[in-house]
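Here is a short tour to read with the model open beside you.

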Amino acid sequence: MDEVFFSYPRADRAAVLPLVRALRDAGLGVFLDESGIDEFEGITDEIRSALAGARLFVAYYSATYPTRPACQWELLTAFRAAIALGRASERILVINPEPVADHVQPVQLRDARYGVTTEPDSTTRLVERIVARAEGSPGCLGDAIASKRPVWRPLEHLGSERFVGRVDEFWQLHQALHAFEYLATQDGAAAGQAVVIGLGGVGKTLLVEQYARRFAAFYPGGIYWFTSAASHTPDAPAPDGGQADVLAQHYQQVAAALALDSTVLDPVQVREAARQHIQNVGEPCLWIVDDVPGELSPGAVRELAAPHPLGRTVMTTRWRGYQLPVVDVDVLHADEAYHLLTTARIPNGSDEETHAWTLVQRLGSHALAIDLARGCLADQPSLTYTELLDQLVDTQDGDAFQELVEDLYMQVPTDHTSDIAATFARSLHHLDDHALTLLRIAALLAPAPLPERLLTTISIALDHQDKPGTGRADRRALSAAQRRSLIRQTGTEPPSWSMHALVSRTLTLHPETTRLRPALRQAALTATMHLMQAVYTPGRLDLADVMPHARTLVEELDTSESLALLDSVARYDYESGQPTSASHHYQRLTDARTTELGEDHPDTLTSRNNLASAYESAGDLGRAMPLYEQNLTDRIRVLGEDHPDTLTARNNLASAYESAGDLGRAIPLYEQNLTDRIRVLGEDPPDTLTSRNNLAYAYESAGDLGRAMPLYEQNLTDRIRVLGEDHPDTLTARNNLAGAYESAGDLGRAIPLLEQTLTDRIRVLGEDHPNTLTSRNNLASAYSSAGDLGRAIPLFEQTLTDRIRVLGEDHPNTLTSRNNLAYAYRSAGDLGRAIPLYEQNLTDRIRVLGEDHPDTLASRNNLAYAYRSAGDLGRAITLYEQNLADRIRVLGEDRPDTLTSRNNLASAYSSAGDLGRAITLFEQTLTDRIRVLGEDHPDTLTSRNNLAYAYWSAGDLGRAITLFEQTLTDRIRVLGEDHPDTLTSRNNLAYARQKAEAVQHGSAATPATEAVPQKPFRAD
């Protein structure tokens, strides 16, 4: 096996051969490729084998070397292998015959160059150095030259077979992405990220595509490509409020690329799932975000970047304000532009060569303009360079052309704009009508990859019939346009196409496009609606590629079809977990339908209902509630009391009241709705069963288990009969009934139901379904309530582990699991494990949900409770005081959670011996709970118990015993003899009576006060 692999360009053969002969004469085995694969038709197995066996890679790095793709492949392969093996500088040697080293890339190799001089002994000295380096090499490159082909997500980008030059830019980009590996040559402050910047049409996207393909072996963990232009106009700053849309669309693309269901994951969870995916793959990956708009905040730019340190992030943009390492992409070098132009046809004679160089100069070496000119020559074999130059002059007249020049100058501000514009306009000549129609359709849509199936569906809609062979005809027309560089195929599975924004703008300004636009737009609306209706499932991959174009089409609301499509876009966003975007679209739809159809049209009322739902989903009850109230009033007036839509409106308003904690208004609406649905729809329709469930849940929330339980039991029976044992709604009904039994203290019936539900959900839905994880949490909660912490804690631990894996660290359900595990540890007396979990949970909820989210306030309450349990009253009271103030400010004085905070602060004051403040708060809480919740609500009974305890502690046994007696009587009546709270009341009354008797004997026992942590979460 040869010890030295000698890499060189064919143009330098005469200079290389004497040196190779001298090396061989010195006893070195030297591999020298004689095939002359300069243009990279393919790398042979012989070359791969020679690279693997070489101990030293020698590159004859002349000025020609970086222009030869085969040479660059050999160098890149050896460089990657040497980096992987270590001691790269001892495995690669560069011979630089030029007077300067600026052309040598990567820059790390410049320090190792060996100059070739004209001195008589220069070859001798060079041979001696190469022999010494080969002998001192750590070993052959071996298997390190092998590379793993990375997976592209969501689609592989094909690049361009005509790509020329940009070697310096490739290595600058690579250097920036791997700066932390080459600290001697790069500031590592922003290592792992880079932004590629340049004017429109200079080739930023193609540069990154070619980098991803040529340097793919550095990224075995995969190549991820996302297009930010789907949510903005390229070269424009993100509009007011548009930053959220940019991020929302980005996360939707990420979800689609990883086959995540964005209907159950919000952006935070999608990012966490992506982070987990990259971590699980465990190898470096390339994360590309193309066409990033200008003026995004630093936080938004960070969110667009790869979510894990194994990911190297590249962004392309025309905006120069981002604080990341920059790779500037300028126009092509003149010789590179000439090479690209003449790939269509070699100029015939010196005059043609002169005119070709003139074209390069007139077009300012602008990459896209040069490629379009090349396309004109390639598509018209008889067209000469001289004639093309003349045609550019002829094209430059008329108002439309001047408008194009002015428009392009905003994006390509050079002295060559008129000639570039003329090239764009001229490149459209000689295309047949079919190809021009497809390009005009593409110009109407988003600057994002365009699925071929959408183009074909639009073609069918335009012809008003599905002709056999339409798809094949479209493919032929697109291929003809691709030969002229007007469009290019960017994916094959499924096929997709991209058209540069400057070409799109040229078409848009063409007078014929203006004339045809209404018909083209109508066909695009019809076709897009057809695709969405045919395959509509939010979050599915088969819609992800269509959505950017649907969004672009609904920017203008000019027809009934555009309103229908806007409705679908809003629905997609709502069900994909983007309530802010959904509410924006539903507001637009409501306004448009109000104007077009009137306030009382059923479609307007439906839009208003959906807008309210979007606000409620976003947590904005202040805007949701008035809309729900208005909608119910309007539907009663327009449709009547018994119309199904009216019944739905009443249910939705009741749900919003319940979410706001206003059970006094929610329950009567639920009761009326159940009665009306039974009368109008019957006992068994799904809507009736849902109404019964909702009313039962409201009764349970109000502490009225006597009315909740029979409804839950009836609902389970009915769902088994109507839907079957294994229907998801039946499993939910069983879970809810079990939860009610647990609330009533009847763990003997709750636990078997929860065990059955968990078993059934594992069998029907699978181990990792969110509802299965909820069932495991709920069973653990029931075990905890039963005092069986030995079974509860392992289930809580398993649920937390599974939720982190399935949903991500920051998913609200994951945070709930961490809270519940902490609760179980505290219940077991293991405060050493409980308090750190509570502290972590509070920190995470503040970060993920915000300071004022109800779950964040619950976490602060729970941490305070844990501190109190540990005897740290100083920290507990401070947190309780903060929590009460925050809940009053955020939720209001009368919300149940606010009343709980007042109770808990009073309990902490009592524990600290500050009975003056404790009794005042306990009295206020009892009064408020009677007024808000009623005399018999479990929380009201807890308040009575706690006030009695405070009186007992203050020595006021007369009032204490009276309250303890009343609480015991009420708990027996409301909760039953055997409920745990009833047993506590019986115990407390006994203590108080013992205390009264012991006053005369000098001894006493102690009753129990009841602070309220957030107990294990029960859902469904």
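Helices (DSSP H or I, at least four residues) and strands (DSSP E, at least two) are DSSP runs, numbered from the N terminus. This is a predicted model, in which local features need pLDDT of at least 70 and side-chain atom pairs count only at pLDDT 80 or more, while totals for chains, interfaces and linings use all residues. Residues are numbered from 1 along each chain as its sequence is written, and side-chain values use heavy atoms, with hydrogens and water left out.

**Nonpolar cores**

- A nonpolar core is a set of buried Ala, Val, Leu, Ile, Met, Phe, Trp, Tyr and Cys residues joined through side-chain atoms within 4.5 Å. Buried means under 20% relative accessible area, exposed means over 50%, and partly exposed is in between (1.4 Å probe, protein chains only).
- The largest nonpolar core holds 172 residues. Those with the most contacts inside it are Leu-341, Leu-439, Ile-458, Leu-486, Met-499, Leu-507 and Leu-565.
- Apart from it lies another core, of 54 residues, with Ile-47, Leu-51, Phe-57 and Ala-101 among them.
- Contact means heavy atoms within 4.5 Å. Not counting residues up to four places away in sequence, Leu-439 touches Leu-431, Ala-481, Leu-486, Ile-487, Met-499 and Leu-507.

- Thr-528 sits in helix H20 (residues 511-535), and it counts as buried because its relative accessibility is 0%.
- Setting aside neighbours within four places in sequence, Thr-528 is in contact with Leu-454, Val-546, Ala-550, Leu-553 and Leu-565.
- Ala-477 belongs to helix H18 (residues 470-483); with 5% relative accessibility, Ala-477 counts as buried too.
- Ala-477 touches His-434, Ala-435 and Leu-438, not counting residues up to four places away in sequence. Between the C-alpha atoms of Ala-477 and Leu-439 there are 9.5 Å, with the two residues 38 apart along the chain.

**A helix pair to look at**

- Two packed helices are described by the angle between their axes and the distance between the axes. Axes here are lines fitted to C-alpha atoms, for helices over the stretch in contact, and angles run from 0 to 180 degrees between N-to-C directions.
- The axes of H26 (residues 621-639) and H27 (residues 644-659) come within 9 Å and cross at roughly 155°. H26 is therefore roughly antiparallel to H27 (angles over 145 degrees count as roughly antiparallel, under 35 as roughly parallel, 65 to 115 as roughly perpendicular and the rest as oblique).
- Residues making the contact include Leu-621, Met-625 and Tyr-628 of H26, and Ala-649, Leu-653 and Tyr-657 of H27.
- By class, the contact of H26 with H27 has 10 nonpolar, three polar and four charged residues. Ala, Val, Leu, Ile, Met, Phe, Trp, Tyr, Cys and Pro count as nonpolar, Asp, Glu, Lys and Arg as charged, and the others, Gly among them, as polar.

**Backbone features in loops**

- Most residues other than glycine have a negative phi, and most peptide bonds are trans.
- Gln-105 and Pro-106 are joined by a cis peptide bond, with omega about 5°; Pro-106 lies in the loop between strand S4 (92-96) and strand S5 (113-115).
- Another cis peptide bond joins Arg-153 and Pro-154, with omega about -5°. Pro-154 is in the loop between strand S6 (152-153) and helix H5 (167-177).
- Asp-291, in the loop between strand S9 (285-290) and helix H9 (298-304), has a positive phi near 60°.
- Glu-295 lies in the loop between S9 and H9 and has a positive phi of about 65°. At 46% relative accessibility, Glu-295 counts as partly exposed.
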